[in-house]
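Take a look at the model below.

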Amino acid sequence: MGRHVTPNRSFKPLDRQRYRDKMQRGLDALARMLADGNFSFPRQQMGLEMELCLVDEHMEPSMSNHVVLEKINDSSFTTELGQQNIELNVEPQVLAGDSAVELEQRLHASMSRAASGAHDAGAKVVMIGTLPTLRDAHFDPQWLSRNPRYSILNEQIFLARGEEMLLDMEGVPLGDRAPERLRSYADSILPESACTSVQLHLQVAPEDFASHWNAAQCLAGVQVAVGANSPFLLGKALWHETRIPLFIQATDTRPQELRNQGVRPRVWFGERWITSIFDLFEENVRYFPALLPEPEEEDPLAALEAGRAPTLAELRLHNGTIWRWNRPVYDLVDGVPHLRVENRVLPAGPSVVDTVANACFFYGVQRALTEQDRPLWSQMTFAAAEENFYAGARHGMDAHLYWPGIGWVTPDELVLRILLPMAHEGLRSCGVSDRARERYLGIIEQRCLVRQTGASWQRDVVAMLEERGADRRSALAGMLRRYIELTESGEPVHLWPVE
């Protein structure tokens, strides 16, 4: 969320006014920096964050992240919202050459360290979008991680909302059965801890930010459809990527009346194509009240006048409490500012190699779209991109997506006919080696040919186990045990047997 907040902090009306004023000064400073070109962009770099789950020997959530992190003893791992979560942060690296292969090797090494530390704590690490064995009891506020920012954020969201969270969604039928329905209440934001994701970062030049963000929005629907890995929540078979509606509902500060008025949710796809990163930060300030209004001493405009890059602390902290699926990032490294697009669409897993393949596919198509003579977003309404996103999340490979020049098409056909050639072209433009390009895009190709994602595999295995007499809880545990074994085998998901 940008930085830590003061423990046990309470906020007064004056705090919110001061914070709003500081954010406005931050916007003014950002506008001047964009006009003056005060940003670093020596070479295109990528970064990756991955949220992980912990389970015990019975495949139940293991509320042990504090102990597991002590056992891992590696600063690249940190806490996440729930005590059954940890997060891995991978150091930024260049996108060109064999970097994707090196990323895969680094992820394997990191996951091996995590597995060893978790084993010593009596737990296992799981790369999955939504842990299928979570139950209502695991959303009790006592299971928030110890970092004070989580308890303060929980308190502020519920103060804004004024009532319990409602989780309400209807699933996609499992085989020929009737659709399943989830309706559950929570008195904490811990349902968000079930949304374990991969976040892809790409550093871009200021003048290129808008095209990269617009391209990412165009891709969100197909990206989530071919990468879906979150089909179960609280014992119900729901969307192929249940993470999407769950995240929206789990952090919703709006009571029903404000939703009826059209007030924007804090987990937000957006509502328009942009022309500058400034558009997104300006929307943040205009539309969303601050949840953590704790200003810093620095005056961003005074810092600019003194020849220093401002931290823009207020804008960054506020930006961390608005969960766009493609988020703008302003950051400093050694006092030098840069800009990134943070892609937050993908779930964690199913395997390390699938994760790297998903990243390469995204970076490749994104780059190709930004280099087209006629931008795709000039041929497609923003509403169509948003509809694609929810259709892909709900139905996975069975979704029907709209694409300019083609019309309605399934995600696998769109990838095989149109997007894979573009991904190859885009990765070549990024200087990615033929070895890396062919390895990872080949995995995406085979996944689409087989039409098996992590979500479809989970659904098929649970259905099979239930047909053999298992109840839902036993089927989910049995599936998850097999899932972990296959993840640890290193094989991509399209090769996973259902039997």
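Is R417 buried, partly exposed or exposed? R417 is partly exposed, because its relative accessible area is 48% (buried means under 20%, exposed over 50%, partly exposed in between, with a 1.4 Å probe and protein chains only). This is a predicted model: local features need pLDDT of at least 70, side-chain atom pairs count only at pLDDT 80 or more, and totals for chains, interfaces and linings use all residues. Residues are numbered from 1 along each chain as its sequence is written, and side-chain values use heavy atoms, without hydrogens and water.

R417 has a partner. The side chains of E413 and R417 form a salt bridge (2.8 Å, N to O), that is, a side-chain nitrogen of Lys or Arg within 4 Å of a carboxyl oxygen of Asp or Glu. Both residues sit in helix α13 (residues 411–429), four residues apart, about one turn of the helix. Helices (H or I, at least four residues) and strands (E, at least two) are DSSP runs, numbered from the N terminus.

Other salt bridges span the chain. R472 pairs with E180, with the closest N and O atoms 2.9 Å apart. That pair links distant parts of the chain, 292 residues apart. Both R472 and E180 are buried. R177, E180, E466 and R472 are linked in a network of salt bridges.

Now try K124 and E488. Their side chains meet in a salt bridge at 3.8 Å, N to O. K124 lies in strand β4 and E488 in helix α16, 364 residues apart. K124 counts as partly exposed because its relative accessibility is 38%. E488 counts as exposed, at 52%.
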